[in-house]
Every structure is written in C-alpha cells, then in structure tokens.
Amino acid sequence: MNIDKNKILKMLVTLTAICLLVGSLTMLLGGNSMTLSEYAAQQGIDTKEQTAQNDSLDAKEEASESDSLASEDSAAQSSLDETTENLQTEAEDTAASQLTGASLNGDSMLAKRVTYTDGFYYEPLSDHLRRYITGVSYPAVPENTEDSQELAITYDDLRYLHILHYDFEGNPAEGELICNQAIAQDLVEIFYELYRNEYQLEKVRLIDEYDGDDTASMEDNNTSCFNYRVVEGTTSLSKHALGLAIDINPFYNPYVTYESDGSQKVSPAAALDYADRSAHFPYKIDESDLCYKLFTEHGFTWGGNWNSSKDYQHFQKTLDT
C-alpha cells in the first residue's frame with residue numbers, strides 16, 4: 001500500500017492544534033483565570049490598602065517626632081527652671097551671707113525667734129554662731145569647768161539681734177548685734193524708731209569682725225554691743241561684757257578720760273576733733289538727739305552724763321536685782 005507522507009504530517013499538525021484548543025477551553029471553564037475588570041479591581045484594593053498602611057506609618061513617624069520634640073522641650077524647660085531656681089537660691093544665700101551672724105544662725109533658731117516687725121527680730125545663738133564668737137568676743141573656756149562657772153554670762157543669756165538702719169549715704173542697710181536677752185526687746189524697739197526716722201548709723205556689725213578689738217571697731221565707726229572685756233585702763237568688767245551696753249557711731253562720739261594733770265585722753269585717738277562737744281558736726285549725740293531720747297526712755301543711762309569721764313557713744317542698762 002502506497003502511503004502519502006504529506007497527508008499524514010498535515011493530520012498530525014491538525015490533531016495537535018485541536019489538543020491545544022481543548023486544553024485552553026478546559027482552564028477557562030475551571031475558573032483558574034480572572035477577567036481584566038476583576039484584575040483591575042483586585043489591584044485597586046491592594047493599592048488602597050498599601051496607601052492606608054503607608055499613611056499609618058507616616059502618622060506614627062510624625063507622632064514619634066512630635067513626642068521627641070515635646071520631650072526635648074520639656075527637658076529644656078526643666079533645665080531652665082532648675083537653673084533659675086539655683087540662681088534664685090544663690091542670690092538669696094548671697095544676700096543672707098552679707099551678715100555673718102545671720103548666715104551662721106540661718107533659720108536654725110526660727111522656732112525661737114521673736115519678731116518685732118519685718119527686719120527687726122532677736123533669737124538665741126546657734127551652735128555655729130557660738131563657735132564663731134568663742135575665743136573672740138566670748139571667752140574660750142571649756143564648758144562645765146570652774147573657769148566657765150566664773151564667767152559673768154553664758155551663751156544662753158545672749159541673743160542675736162537683726163535690725164535695719166540707714167547708712168551714711170542715706171540707704172537702707174542691714175545690721176546685727178549680740179546683746180543680753182534682758183535688753184533685746186528694748187533694742188529692736190529703739191532701732192525700729194531710729195530706722196523709721198531715717199537716723200543714720202554708718203555700720204552695725206559684730207565686734208568679732210574686728211577680732212574683738214574695741215579700738216578697731218570704734219575707728220571704723222561700727223555700732224556694737226556685746227564684747228566680754230574689761231573697762232579700758234581697769235580690771236573691772238565692762239557692761240559690754242554682760243551684753244548690757246551699746247556704742248553708737250563711736251568715732252563721732254568718742255570716749256574721753258581725764259588725767260590728773262588736767263589733760264584728756266580720747267579713744268579712738270583719731271577722733272580727737274569730736275571730743276569738743278561745743279562744736280557742731282553731724283552724728284553728734286547730745287541730749288537733743290533722737291538716739292539719746294529713745295535710749296533714756298527705755299531706761300538706759302548715757303555715758304555723756306558721767307562726771308569722771310565722758311563716753312558719748314555709750315548707753316547701758318542696769319538690771320533689777
């Protein structure tokens with residue numbers, strides 16, 4: 001039998017084409033494909049979800065940056081507040097430390113403080129202040145010993161006194177004294193009246209700032225009170241040793257003693273010109289002076305009225321026994 005090879009080849013090609021066509025129809029009928037509209041829709045959903053996710057991430061990053069900036073601002077503000085507070089504290093400490101006694105006492109005696117009015121108060125001596133004056137204005141003897149028992153006054157008898165006054169430039173200033181507790185109330189009342197009337201005191205500092213040297217304090221025209229010492233030229237305790245005497249503007253109101261030959265000795269020596277009480281000069285205490293009037297009204301005696309000597313700076317009070 002004669003077979004035509006060309007016909008057989010055409011038949012194989014036709015059968016192959018039919019098989020391929022049947023396979024494609026089967027995939028379409030089985031649902032393993034999607035239409036263009038379905039594909040587009042699916043891609044749209046995915047795009048929206050991705051956009052939402054991206055927006056969420058952006059929002060979180062912005063919130064994180066905002067929180068970070070807020071945290072930095074808060075830290076900066078906290079640091080600024082702390083710095084301001086420290087500066088205020090330093091300023092307050094500086095103001096307080098300008099007075100030695102006020103700085104040493106601080107607020108430790110606040111519960112026992114007696115305030116007459118703003119800026120005028122008295123209180124016991126703190127341990128710090130006691131140590132500061134010991135060996136200077138107060139004798140350095142061991143407590144509870146025979147020597148200490150012979151002292152005319154104890155720490156407990158003394159009071160730290162804070163006042164305000166006008167200086168020689170006419171400016172308000174702070175001042176401080178240590179005095180006997182028996183005259184503390186008198187002094188805050190007297191110094192308040194002097195301050196209210198703008199009476200001028202050049203300076204009011206503890207005698208300890210002059211190493212307890214009365215002459216040095218007078219030469220600097222320092223108003224002072226307590227100093228455990230004897231009367232100059234004698235072995236008798238001064239009223240200053242009891243905290244019951246006070247010297248006011250001492251350079252302009254010197255201490256004058258008279259020798260047997262009629263000559264006079266002036267202390268401090270540089271204040272010789274102010275020993276002549278007939279002369280007119282500022283800051284002179286006499287019986288018409290406000291300072292004299294206030295102290296004598298409170299029961300003090302004035303050294304300017306003494307006979308054997310004249311202590312024009314000096315006011316003292318005797319306690320009732």
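User: Contact means heavy atoms within 4.5 Å. Which residues does leucine 177 touch, not counting residues up to four places away in sequence?

Analyst: This is a predicted model, in which local features need pLDDT of at least 70 and side-chain atom pairs count only at pLDDT 80 or more, while totals for chains, interfaces and linings use all residues. Residues are numbered from 1 along each chain as its sequence is written, and side-chain values use heavy atoms, with hydrogens and water left out. With those neighbours in sequence set aside, the residues touched by leucine 177 are Arg159, Tyr160, Leu161, Leu187, Phe191, Val204, Leu206, Thr223, Ser224, Cys225 and Ile246.

User: How many disulfides does a search of the whole structure find?

Analyst: A disulfide is a pair of cysteine sulfur atoms within 2.5 Å. Cysteine 179 is buried, because its relative accessible area is 0%. The cysteine sulfur nearest to that of cysteine 179 belongs to cysteine 225 and is 5.4 Å away. In the whole structure, the number of disulfides found is 0.

User: Are the rings of tyrosine 166 and tyrosine 195 stacked or edge-to-face?

Analyst: Rings of Phe, Tyr and Trp (its six-membered ring) pair if their centres lie within 6.5 Å; planes under 30 degrees apart count as stacked, over 60 as edge-to-face and the rest as tilted. The structure holds 19 aromatic pairs. In this one the centres are 4.9 Å apart and the planes are at 25°, so the pair is stacked.

User: How many residues apart in sequence are the parts tied together by phenylalanine 251 and tyrosine 274?

Analyst: These two rings have centres 5.8 Å apart and planes at 65°, so the pair is edge-to-face. Phenylalanine 251 lies in the loop between strands E7 and E8, and tyrosine 274 in the loop between strand E9 and helix H8. The pair therefore ties together parts whose separation in sequence is 23 residues.

User: Which residue lies over the face of tyrosine 312?

Analyst: A charge sits over a ring if NZ of Lys or CZ of Arg is within 6 Å of the ring centre and within 35 degrees of the ring normal. The charged end of lysine 284 sits over the ring of phenylalanine 281, 5.4 Å from its centre. Over the face of tyrosine 312, at 4.2 Å from the ring centre, lies arginine 277.

User: What is the bridge partner of threonine 115 in E2?

Analyst: Two strands pair if DSSP finds at least two bridges between them. E1 and E2 run antiparallel and are joined by 3 bridges. They form a hairpin with 2 residues between them, and glycine 119 in the turn has a positive phi of about 90°. In E2, the partner of threonine 115 is tyrosine 121.

Note on methods: Buried means under 20% relative accessible area, exposed over 50%, partly exposed in between (1.4 Å probe, protein chains only). Helices (H or I, at least four residues) and strands (E, at least two) are DSSP runs, numbered from the N terminus.
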